[in-house]
Amino acid sequence: TVYLFKYFNYDPSIGLLAALIVGISSLFILFINYFVINKININNDYKDKIFTDNVKNNYEFFIKYFTYFAFIFIFINFNYAFKVPVFENIVTLYLSDFFTIIISFIFLYEINTNKNYSNIWSYKYIPHFLFSFGLLLIYGLIVAHFNGGIGITALLNRFIGYFILLSYFFTGTYFINKYDKTTIFYFVCAAITSSLFIYFIKYLTIGYLSYQTKHYLVWYIENFNALTYNRNAFSFTLLIIYILFCYINPQKYFVILTSVISFFIFITFSKTAIILLLFYFLILLYIKKISIKNFLLIGICFIAFITAHNQFFKDKKLSDYNIETFDNFKTQEVVPAPQKIARQIHSIIIPRNDIVKIGFEIWKEKPLFGHGLGNTYYMIYERFEYYTNIPSTIDKTPLSFHNTLLWLLCEMGIIGLFIFMFYPSVIILNLIIGRLKKGEYFNNQDISFLSIILITVIFSMAHDILYQRILWIVLGIIIANNIFNLKYEDKD
């Protein structure tokens, strides 16, 4: 499709988009057909009773399977993001947001209907943290108002984004109350299948795409980021999905799926993700969740995948694609190395050490209260020592600190950092001290929860991943209590 669009002088990126839409739609339809045939046994008693006394039964039946299909779509879409201009700002949209917003409202409605407002989650003070996070952002907006005004970036990306994160968190909790956790296995498979699909699409079409298309998608031959524009965000998504995969404790296809996830994380070339994956493997080996035999098998499969990848795709040149219409690029590499060009449109690479140094200088100016939500995004360019060399067209391009701690300090000050850290610290200390006092072992839920918190904290020291949707939906799944008593659980 890409070749034909290029051949007839159309934008090849449109051809790529068409191919992706067809592929995604096909995957989604295949999944629906599979689950309809194998998982859903339609009860004939419900037939033609939508408007009778069995409305409640029909409601429960519909909501249960709407949630199921929405989850397939949500996990497939963790591989996709769309950057669109909104009020002269670039905003990243996720198609799955629509489903999580609907499901979160259903969740809140059922909580209110059942009058069950407590023990929704396994650990104390979870609602307190969610509420304090919202208050923190309001505090940041107030501080911003007195420090130059509230920027549209802060309002859209941070404040409104908070409610999107809540919808993912509630969606995870709601799903696990409708289905047994082992059902999550199918959604992990959906996410990995989607990644595999994009992997082949990328490496089979990259030689035929225009430079602008590859530049927009951030598709370099050296690393893989699916369609998320950011290899670190994609590798973090894979890490969290893998923790979820281990939480459900599957025996089926454990080695092969672990190998595939490890392979994808490796070819992102995210050093942070690779180190944390190895660290998590050590935890799994220590608690004997992975046997030495399985670990060796995972290593063998991983090496086989890397060998095949290097054999077929690595160091490909456009001259390998023998199509005359691309003679303008015949002797060039697919793209220059990432270090030589900007990673995003209208952006520029500033060394990470310089960003951290600039960040601490900004924080020292207003250490207690901070500069306000969103007010530091444009300061980084201005404080950069080579600021005069930056094109004027990107003067107002927002740039993050790639460090959550530094972001909190600079925009909300020490007060904001305290507000944000207070309840998570209380939750973790209560969990650890409670288990030690009772002489109990940490169960599967505890280990998965603590693993996510630890990996997120370490990852956030090098990348801004607090607003990654996968983090919130998986947390909602892992720490949920069975408040509805799984009365809709599939016993099969």
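Tutor: Before we start, contact, or touching, means heavy atoms within 4.5 Å. This is a predicted model, where local features need pLDDT of at least 70, side-chain atom pairs count only at pLDDT 80 or more, and totals for chains, interfaces and linings use all residues. Residues are numbered from 1 along each chain as its sequence is written, and side-chain values use heavy atoms, with hydrogens and water left out.

Student: Okay, what does Thr 237 touch, not counting residues up to four places away in sequence?
Tutor: With those set aside, Thr 237 touches Phe 78, Gln 468 and Ile 470. Thr 237 lies in helix H9, residues 231-247 (helices are DSSP runs of H or I, at least four residues, numbered from the N terminus).

Student: And is Thr 237 buried or exposed?
Tutor: Thr 237 is buried, with a relative accessible area of 6%; buried means under 20%, exposed over 50%, and partly exposed in between, using a 1.4 Å probe and protein chains only.

Student: What about Phe 170, which helix is that in?
Tutor: Phe 170 is found in helix H6, residues 152-178, and is buried at 13% relative accessible area. Leaving out residues up to four places away in sequence, Phe 170 touches Ser 104, Phe 107, Leu 108, Trp 121 and Leu 130.

Student: How far is the C-alpha atom of Phe 170 from that of Ile 477?
Tutor: Those C-alpha atoms are separated by 8.7 Å, although Phe 170 and Ile 477 are 307 residues apart along the chain.

Technical notes
Helix = DSSP H or I, 4+ residues; strand = E, 2+ residues; numbered from the N terminus.
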